[in-house]
There are 2 protein chains.
Amino acid sequence: MRTALTELLGVEHPIVGFNRSPAVVAAVTNAGGFGVLAASAYSPAELDAQLSWISEQVDGKPYGVDLLVPSKFVAGDPDSLVASLRAQIPSSHLAFVQSLLDKYDIPVSPSVVDHSEVAAAITPNGAPALLDVAFKHPIALIANALGTPPPSLVSRAKEAGVVVASLVGKAQHAERQIAAGVDVLVAQGTEAGGHTGTIATMVLTPEIVDIAGDRPVLAAGGIADGRQMAAALALGAAGVWCGSVWLSSEEDIAVQAIKDKFLAATSADTVRSPTRTGKPARQLRTAWHDEWEAPGSPQPLPLPLQLMLVEEAWQHIDAAAQAGHEGALKLESFFVGQVVGSFSDVRPAGEITRRMAEDCQRRIAELGGLIAPA
Amino acid sequence: MRTALTELLGVEHPIVGFNRSPAVVAAVTNAGGFGVLAASAYSPAELDAQLSWISEQVDGKPYGVDLLVPSKFVAGDPDSLVASLRAQIPSSHLAFVQSLLDKYDIPVSPSVVDHSEVAAAITPNGAPALLDVAFKHPIALIANALGTPPPSLVSRAKEAGVVVASLVGKAQHAERQIAAGVDVLVAQGTEAGGHTGTIATMVLTPEIVDIAGDRPVLAAGGIADGRQMAAALALGAAGVWCGSVWLSSEEDIAVQAIKDKFLAATSADTVRSPTRTGKPARQLRTAWHDEWEAPGSPQPLPLPLQLMLVEEAWQHIDAAAQAGHEGALKLESFFVGQVVGSFSDVRPAGEITRRMAEDCQRRIAELGGLIAPA
C-alpha cells in the first residue's frame, strides 16, 4: 500500500505498532509496519539496552520511540521534587490504598522496582536523559504522549531528521501541535486504551484530517483488524496507530494473568477511569474500579499524585496475580482499548501486522465492488 | 451503490435518514435514501396525518417508521397508570425542576401540549395504537428503539412484508434481537445522539457484523459525511443509519434556537447524560447539565420517571428559547451526536443525502488507488 505515511517513513504497511516490549517493536517493523517503543517507564540505561537490541533485530529498518515529555520541566533537585509531591498525598488516600491491599490479601512483592515513572517524566534528569539516549540510536520517529512537545525536542528532532508525532484527542490539541512543528498527528479516539478523551475515532479522525493540511494523520483507537484499518483510511487517515492489539501478541511482556483476562473480556468491559494515573485512561474494568467507586472511597488525586499513590501497589498486585493469587486476580487490570473484546488468541506480532495489512487490502478491494457498475 | 440494504429495501443509496420531521423523511426517500419517521412523540391522529402526507410526497418510494415499543405492556387504565407513575416522583425533584425554571426566569408557555410521550409508549392505548396506524400505511420498515420488539410486532410485520429493524449497543442485545426475529440490526455507537451505550461505532460495527449472519447491519453514530459512510461500509456495514445530521437540514422541525446552538458547537460539546429521560442519552451540553451535576442537586430518576419529571419543563424552555429568552437559551439543548461539531450550515435534506452518497463513492474509489500496483 502507498499512503503519505508509507512514503514518509519508508515502510510497506501504514501500521504503527506502539508497545512497551522491544520484541513487539522489532516484530512489527520486521513485518513491514513501523514499531514504536513506549519508553517512558524505563530508566536511561534500560532504554539504551533496548534500543540497541531493537536496532540489531531490524537490520536498518525504521522504528521509533514514544516518551512522556512535558512542555516545561520543573527546576530543582529531582529527589526533593519527588519528595515534595509525595508530601501532597493525603494520608487518608494512602490508608485507602493500603486497606485495598489488605482487603484482597495482596502479599508484598520483594521485587518492587525503585524506578518511578513520575520522577522520570517530570524532572530534568528524567525525560531529557531518556531523550539523550533515544537520539543516540537510529530512531526515525519520536512521539510525545504528554501534550505539546517542547521546542527543544522539536528542533533537536528536525536537526537529526527524525519525524515528530503527537497524540491529539480534540481539534484544539491539533492546532497547538501544528503550531509547535509536529509532523504527524495521531487522532486518538475515546475507544483507545490509556489516556484518552471523549470523542470517538469515527468523528475525530476526519476532523483532524481537515485541519492537518499536508501532514499525515494516523487514526488510533478501535483499530485491531483489517476492516477497522480500512475504515481509518476511509476517514482520511494515512495509516493507523495501534496500541491495544499487541497486548494479544506472543512478544508482549504483560504477565499471563493479564493476557488471560484480556482474552476473556468483551468490548463492554473497559472503563475510562482516573484511578490509575489521575487522568482519565481506558483500562480493563475490575474490582479495583468497583472499590474506588464505592460510597465512602476517596476521590482520585490529580496526575501525577494518583500515579505516585498507586504505582507501588500495582507492582504488588501484578506480581501476586502472576503467581495466581486469588485476590490479586480480582483487582488485576491494565490499560487497553475497547478492541479487547475482539481478542480470541495470542499470536506473533508479525503475523498480526501482516494479517491486518492483507485484510485491509482485501476489504478495500471488496468496497470497490460495491460501486462497480451492475 | 449495491449493498444488502439497497437490495432489501429497493433504494439507490444505503442511507437511512431517521428524524421526527415528516419533511426530512420524504426528502431523504426522494433523494434515493430511505427515510424513517421517529414517531413515538406523536399521537395516533398526528401519526396518521403525517404518514399520509409522506406517502403523497414520495410517490411509492419506500419509507419506514420508528416507535418505542416495550417488550411488555403494563395492563390497566392508561390514565391511572400515568397517575401512579407521577406519584412516584419525589417532591424534592419536582421542587428542583421548578427552582431551575425560576432561576433562569423561564416564562410559562401557554402552548404546552398535554400529550405525554411516556403514556404513549408504556400503555396499551399508546404504542399499539400507533402500531395500528403505522400498518395502515405502506411502510417498508418498522424499527423499535426500545429493546427487543415484542413477538406481536414481529409477526404482524412479517405478515405484512414489513422489514423489522432494531438498535443494538452491545453484542448481547444483538443476540436477543436475532432470536426475536429482527431482520436488520442497527449497531449504534456511543458517539450517536440520543440513548446510546458506551461502545464506539468503530468497535461495535464489526462485532455485530460477525454475529449477524446474513442479516444486514447498519452502522449508526458518528456518520454525517461520505468519508464516515465509506468507513462504515469498510467495517462491514451494509449501510448507515443517520440521525443527527438531519438536525442541520432545512426541513428539520427543531426550533431555530437549537439549530443555531448546533452550528456553533464542537464535537467536544456533547454529553451522555440521564437527566433528560432517566437513561444515558447523548445531547448538547448546556447549563441544564451543569445544574444537575452541581453539588446538592438530586440524582436523576430512572426512566420513565425522569422523562415525566422534565417533559413539561422542556416545552417551556423550548418555547422561551425560540422567542430569544436569555435564560432559556442557556439551558436549551436537544439530543445530538458528536458529529454536531461538523455542522457548518443548514442545507436541504435531499442535498445532504446525495452529497453523502457521492462523497462515499468517491472516497471508495480513492481507497482503491492506495492498493493499486505502483
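Q: In which sense do strand β1 and strand β2 of chain A pair, and over how many bridges?

A: The model is a predicted one. In chain A, strand β1 (residues 15–19) and strand β2 (residues 34–38) pair in the parallel sense, over four bridges. One residue to look at here is V16(A), whose bridge partner in β2(A) is F34(A).

This pair belongs to a closed barrel of eight strands in chain A, with the order β1-β2-β3-β4-β5-β6-β8-β9 and parallel pairing. On average, neighbouring strands of this sheet are turned by 25° against each other, direction ignored. Helix α2 of chain A (residues 22–30) lies across β1, β2 and β3 (63–67) of that chain. The helix runs at about 165° to β2(A).

D59(A) is not a glycine, yet has a positive phi of about 55°. Its place is in the loop between α3 (44–58) and β3 of chain A. The other detail is a cis peptide bond joining L303(A) and P304(A), with omega about 5°. P304(A) is found in the loop between α13 (287–293) and α14 (305–322) of chain A. As background, most residues other than glycine have a negative phi, and most peptide bonds are trans.

Eight strands of chain B close into a barrel with parallel pairing, in the order β1-β2-β3-β4-β5-β6-β8-β9. Strand β1 of chain B (residues 15–19) is joined to strand β9 of chain B (residues 239–242) by three bridges, and the two run parallel. V16(B) has W241(B) as its bridge partner in β9(B). Helix α9 of chain B (residues 171–180) packs on the sheet, where it touches β5 (163–168) and β6 (184–188). The direction of α9(B) makes about 160° with that of β5(B). Chain B also has a cis peptide bond, between L303(B) and P304(B), with omega about 5°. The loop that holds P304(B) lies between α13 (287–293) and α14 (305–322) of chain B.

Next comes the contact between the chains. It takes 40 residues from chain A and 40 residues from chain B. Together the two chains bury about 3300 Å², of which 65% is on carbon and sulfur atoms. On the chain B side, M202(B), R227(B) and L370(B) lose the most area to chain A, and together they account for 20% of what that side buries.

R227(B) also takes part in a salt bridge: its side chain meets that of D210(A) at 3.0 Å, N to O. The count of salt bridges between the chains is two, and 16 residue pairs are in polar contact, both residues at pLDDT 80 or more. The elements giving two or more residues to the side of chain B that touches chain A are α10 (201–212), α11 (226–234) and α16 (349–371) of chain B. Of these, α16(B) gives the most, with eight residues. By residue class, this side of chain B divides into 22 nonpolar, eleven polar and seven charged residues.

Terms used
Residues are numbered from 1 along each chain as its sequence is written. Chains are lettered from A and ligands numbered from 1 in the order in which they are written. This is a predicted model: local features need pLDDT of at least 70, side-chain atom pairs count only at pLDDT 80 or more; totals for chains, interfaces and linings use all residues. Side-chain values use heavy atoms; hydrogens and water are left out. Contact means heavy atoms within 4.5 Å. Buried area is the accessible area (1.4 Å probe) that two parts lose on being put together, summed over both. A salt bridge is a side-chain nitrogen of Lys or Arg within 4 Å of a carboxyl oxygen of Asp or Glu. A polar contact is a pair of N or O atoms within 3.5 Å; within protein, one must be able to donate a hydrogen and the other to accept it, and residues adjacent in sequence count only if both atoms are side-chain atoms. Ala, Val, Leu, Ile, Met, Phe, Trp, Tyr, Cys and Pro count as nonpolar, Asp, Glu, Lys and Arg as charged, and the others, Gly among them, as polar. Two strands pair if DSSP finds at least two bridges between them. Axes are lines fitted to C-alpha atoms, for helices over the stretch in contact, and angles run from 0 to 180 degrees between N-to-C directions.
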